Protein chains: 2
Amino acid sequence: MPKQVDHHERRQAIARALWRVVEQRGVTHLTVREVAREAGMSHGQLQHYFATREAMLSFAMDFASEQTSLRVGRGLQELGDEPHPRDVLRLMLTEMLPLHADARATSRMSAAFVLEALHNENFHARARDGMTQGKLLVEQLIRQAIADGHIGSDRDPVTEAHLLLALTGFTTLLELGVIEPREALAAVDHHLDRLFQV
Amino acid sequence: MPKQVDHHERRQAIARALWRVVEQRGVTHLTVREVAREAGMSHGQLQHYFATREAMLSFAMDFASEQTSLRVGRGLQELGDEPHPRDVLRLMLTEMLPLHADARATSRMSAAFVLEALHNENFHARARDGMTQGKLLVEQLIRQAIADGHIGSDRDPVTEAHLLLALTGFTTLLELGVIEPREALAAVDHHLDRLFQV
């Protein structure tokens, strides 16, 4: 295996170890030492791949976003050639919620990153930019759906995009068992049904 | 001052110090040592008031919930004798969002508690029970508003309560500066307008 590929794969393996630490033990355990232990390497070996905790966390977050995008991409393929915009928005939203094991891992990683971002300017800018891109994409999809007559022309794409993104608030309700996955999905479907009521 | 009152006030002062640690430095700094320093006392002095980190965090969370309830209570008084249910729901929801300094402190405290709750059964049960109570209260308000003809009788109070609570997802969007406070409020108002469209 070429050395560069191996290097990248080791970094991804460390990122997955970091996710496991966050998912199973929580952000208070998010230290280079604990991630190294989880990845089955020494502190020194890990530093060969990531010089700092910040670099490690940053890579792990990018990798989580990448994996979420891949899951959405696979979901889109299953929707066929010309997917209905309602299904596209539903897929994007539900893959951000902790409704299955992979999504839970990336969702908890993302929550940990947001928390760190509140006190780290670099992370703050990156988290903001990532979410802003997502917001603009949702806005664009809604705008197109209005143009195509799937959503009423009286709807404001900006406000509707904000409301859809805010529904990621289901994350906490699901994580704490306040509501069941089927209840979250029913509410999301209800919201989308109303949005696509022409 | 009676000793018991002084004891309680000192505990509240420590809780406020804990909030400041969470708000200004983040959950990774949420240790007994850092809270003691922020409260201007020694580790030993703090332990006179809270035997464990868990007891301290638990009290700080209860105190945050209490303060949020007091803010909502004051807001309700301002709404007058027979407040419109739309205004009541708006008040409850917006006081959970980081839209002003006090709400930001309790919102960050609550986020920190939820994160710990994912890996602490005792906290998990308490966070779940607290949110479930809030959910049932919102449901009850919607049910009553339907009975009083303020909300259409075709609406399902359970689903509508879930959607309203999920809008606490605005917290992350606001904290990261992805959207502005006025945009969050506009979206909340838009959602409520639709809910109260008979």
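**Entry 1: Trp19(A)**

I began with the surroundings of Trp19(A), which, leaving out residues up to four places away in sequence, touches Ala60(A), Phe63(A), Ala64(A), Gln67(A), Ala105(A), Thr106(A) and Met109(A), where contact means heavy atoms within 4.5 Å. The model is a predicted one, in which local features need pLDDT of at least 70 and side-chain atom pairs count only at pLDDT 80 or more, whereas totals for chains, interfaces and linings use all residues. Residues are numbered from 1 along each chain as its sequence is written, chains are lettered from A and ligands numbered from 1 in the order in which they are written, and side-chain values use heavy atoms, with hydrogens and water left out.

I placed Trp19(A) in helix α1 of chain A, residues 3–25; helices here are DSSP runs (H or I, at least four residues), strands are E runs of at least two, and both are numbered from the N terminus. Is Trp19(A) buried or exposed? Trp19(A) is buried, because its relative accessible area is 7%, and the cut-offs are under 20% for buried, over 50% for exposed and partly exposed in between, with a 1.4 Å probe and protein chains only. One of its contacts, Ala60(A), is 41 residues away along the chain, with 7.5 Å between the two C-alpha atoms.

**Entry 2: the nonpolar core**

I then asked which residues touch the most other members of the largest nonpolar core. They are Leu18(A), Phe170(A), Leu18(B) and Phe170(B), in a core of 126 residues; such a core is a set of buried Ala, Val, Leu, Ile, Met, Phe, Trp, Tyr and Cys residues joined through side-chain atoms within 4.5 Å. For Leu18(A), neighbours within four places in sequence aside, I noted contacts with Leu30(A), Val35(A), Met56(A), Leu57(A), Ala60(A) and Met109(A). In soluble globular proteins, nonpolar side chains tend to be buried together.

**Entry 3: chain A as a whole**

I recorded ten helices and zero strands for chain A, whose C-alpha atoms fill a box of roughly 60 × 40 × 30 Å along the principal axes. Of its 198 residues, 49% count as buried, and among contacts between residues at least 6 apart in sequence, 64% join residues at least 24 apart. Chain A exposes about 9,500 Å², of which carbon and sulfur atoms supply 49%, by the Shrake-Rupley method with a 1.4 Å probe.

**Entry 4: the two copies**

I noted that chain A can be laid on chain B with an RMSD of 0.0 Å by a turn of 180° and a shift of 0.0 Å along the axis, the superposition being by least squares on C-alpha atoms of residues with pLDDT of at least 70 in both. The two copies are therefore related as by a two-fold rotation axis, and in chain A the C-alpha nearest that axis belongs to Gly169(A), at 1.8 Å. Because 100% of the interface residues of chain A are also interface residues in chain B, the copies meet through the same surface.

**Entry 5: two covered helices**

I looked at helix α8 of chain A (residues 157–166), where nine of the ten residues are buried, so the helix is largely enclosed by the rest of the structure. What covers the buried residues of α8(A) includes α5, α7 and α10 of chain A together with α8, α9 and α10 of chain B.

I located Phe196(B) in the segment after α10 of chain B and noted it as buried, with a relative accessible area of 13%. Its contacts, neighbours within four places in sequence aside, are His84(B), Pro85(B), Arg86(B), Leu89(B), Ala145(B), His150(B) and Ile151(B).

Glu23(B), in helix α1 of chain B, counts as buried at 12% relative accessibility. Not counting residues up to four places away in sequence, Glu23(B) touches His119(A), Arg104(B), Ala105(B) and Arg108(B).

Last, I checked Ala64(B), in helix α4 of chain B, which is buried with a relative accessible area of 1%. With neighbours within four places in sequence left aside, Ala64(B) is in contact with Trp19(B), Thr106(B) and Met109(B); Trp19(B) is 45 residues from it in sequence and 8.6 Å in space, C-alpha to C-alpha.
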